[in-house]
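Biologist: Hello! Could you show me how to read a few features of a structure, one at a time?

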Protein chains: 2
Amino acid sequence: MLQLDTVAIVGVGLIGASVGLALRRRGLVRRVVGIGRREATLRAAREVGAASETTLDLAAGVAAAELIVVCTPVGRIAADVRAAAAACPAGALVTDTGSTKAAIVAALEGSLPRGVRFVGSHPLAGSHRSGPAAASADLFQGKLVLITPAAGTPPRDVQQTGAFWEAIGSNVETLSPEEHDRALAATSHLPHLAAAALAAATPQELLRYVATGWLDSTRVAAGDAELWTQIFAANRGHVLAALSRLEGQLRAYRTALEAGDDAAVRRLWETAKEIRERAKPPP
Amino acid sequence: MLQLDTVAIVGVGLIGASVGLALRRRGLVRRVVGIGRREATLRAAREVGAASETTLDLAAGVAAAELIVVCTPVGRIAADVRAAAAACPAGALVTDTGSTKAAIVAALEGSLPRGVRFVGSHPLAGSHRSGPAAASADLFQGKLVLITPAAGTPPRDVQQTGAFWEAIGSNVETLSPEEHDRALAATSHLPHLAAAALAAATPQELLRYVATGWLDSTRVAAGDAELWTQIFAANRGHVLAALSRLEGQLRAYRTALEAGDDAAVRRLWETAKEIRERAKPPP
């Protein structure tokens, strides 16, 4: 069983605070140091029990940490990992929770000082809510976490990263950073883009007539603009490839509808329904 | 307060059975006759308490009804209303719950015998589940029901139809059938089409990596193929116009992503987020 003395969490929003809470509730760690840029967020993280102590000073916060989990937005992760590596104990393990992986792993591969080790992670867990007040000790329970080693990452570092996630209830799978980004473009980034496009395609005077279908299909368009701009920027190529597949499907509907070809519409729908039903249900 | 002797419900799936249950639980009616084409469905409707009696014989079922609610799929509604009108008492009021209105209202306008009156309705209420076992007496509570009179429908018939829906907890608004179909193309039919296109655009080997975003955004793609083929066929023109708006939004994302124009991506997202947040929350 995982037993750690000090874990530092950089960024204590929903994900970071849930990591801290999960570690503390399970008694896996003596100290959790929450690190952030706003005192109000740190206070909220302490109040929900996500951290035993907090600090605005990243270097001081990671000084005694064996494990550092960087939970900041995608565009800041590589810089935050480098700052943590410069101040943490020699040989410490650093992981992250970013939604894209190839650019982050490439930026950090083989470049950290004093034997500090980095292995990228991406927990497929979230909530419609954000911030430490929404944290849950069970956020990762039964959820899949993708671990994305670089070509040269030692198997022992991958194993230790996986053991951390498994200790807080997750299932772990290893993918290359490139495989990860290709997969997530289809299963997460495109759905977010499509939700935003669908919301924006709705004339405002008609919003009073939306029902559960529109609300479900556009839910993730309420996400943070800066975060999603960074994710799309970091995974442009794969997102554009996934977008091409969606455009192809929409063209097929357009062609069938313009021709009044009900049999073709029905076939398109049946294919989609089968795929929807084959996806694992929400836990 | 609405008090009726006999109401007949043609089609006792989720919507029809919920109408029956809502009327009976509120004590608004002495008899609810459930009419269907399969004995198993009728039995399930009786078991949940949605009907006091049931029959496979539409003419017999409507013979004593003051109010008839036709809850069959869009493609069958006009024929079912005509069959009900041929067998029900003179002057009875018939309404429906179909998701498209212009074709149905046009097919029936001024053509029913013996003073039988028809006023189209569309409750913006539903569930991810279907069938009478999923029925709820509160399905329409606080939900909007759109009433779509033809140009020549007497105001008294509109008022009586609205009073029925209000008696089971709904809020009522009147739209022309054409306005209704234009609005619902944007707020319901396009979201269903987009959800199906998004599901079908997902390579099957990647389905294991979907999370809540994909699951939310594709949820309604699990709907019935025949029902959605009928709805798209009945509202082709407006659905194609709404699809053009979605295609325009996706083109804007493609252009911004191909140019690496993060500021444009952020603006697109912010517009969508504002629209998403302006829509009423799910009750």
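Predicted model: local features only at pLDDT ≥ 70, side-chain atom pairs only at ≥ 80, totals over all residues.

Biologist: Where does Arg254(B) lie in chain B?

Modeller: Look for helix H10 of chain B, which covers residues 236–258; Arg254(B) lies there.

Biologist: Is Arg254(B) buried or exposed, and why?

Modeller: Buried means under 20% relative accessible area. Arg254(B) has 17% relative accessibility, so it counts as buried.

Biologist: Now the other chain, please. How many helices and strands does chain A have?

Modeller: You can find 11 helices and 8 strands in chain A.

Biologist: And why is chain A said to be as compact as a globular protein of its length?

Modeller: We compare its radius of gyration with what the globule rule gives. For 283 residues the rule gives 19 Å, and chain A comes out close to that at 21 Å, so it is as compact as a globular protein of that length. Along the principal axes, its C-alpha atoms fill a box of roughly 70 × 40 × 30 Å.

Biologist: What share of the residues of chain A counts as buried?

Modeller: That share is 59% of the 283 residues. As for the accessible surface of chain A, the total is about 10700 Å², and carbon and sulfur atoms hold 51% of it.

Biologist: Last one: how many positive and negative side chains does chain A have?

Modeller: Chain A carries 30 positive and 27 negative side chains, with the centres of the two sets 3 Å apart.

Key. Residues numbered from 1 in each chain as written. Chains lettered and ligands numbered in written order. Heavy atoms only, no water. Helix = DSSP H or I, 4+ residues; strand = E, 2+ residues; numbered from the N terminus. Buried < 20%, exposed > 50% of the residue type's maximum accessible area, 1.4 Å probe, protein only. Rg over C-alpha atoms; globule rule 2.2 N^0.38 Å. Areas by Shrake-Rupley, 256 points an atom, 1.4 Å probe, with all protein chains shown as cover. Lys, Arg positive; Asp, Glu negative; His and termini not counted. Charge placed at Lys NZ, Arg CZ, Asp CG, Glu CD.
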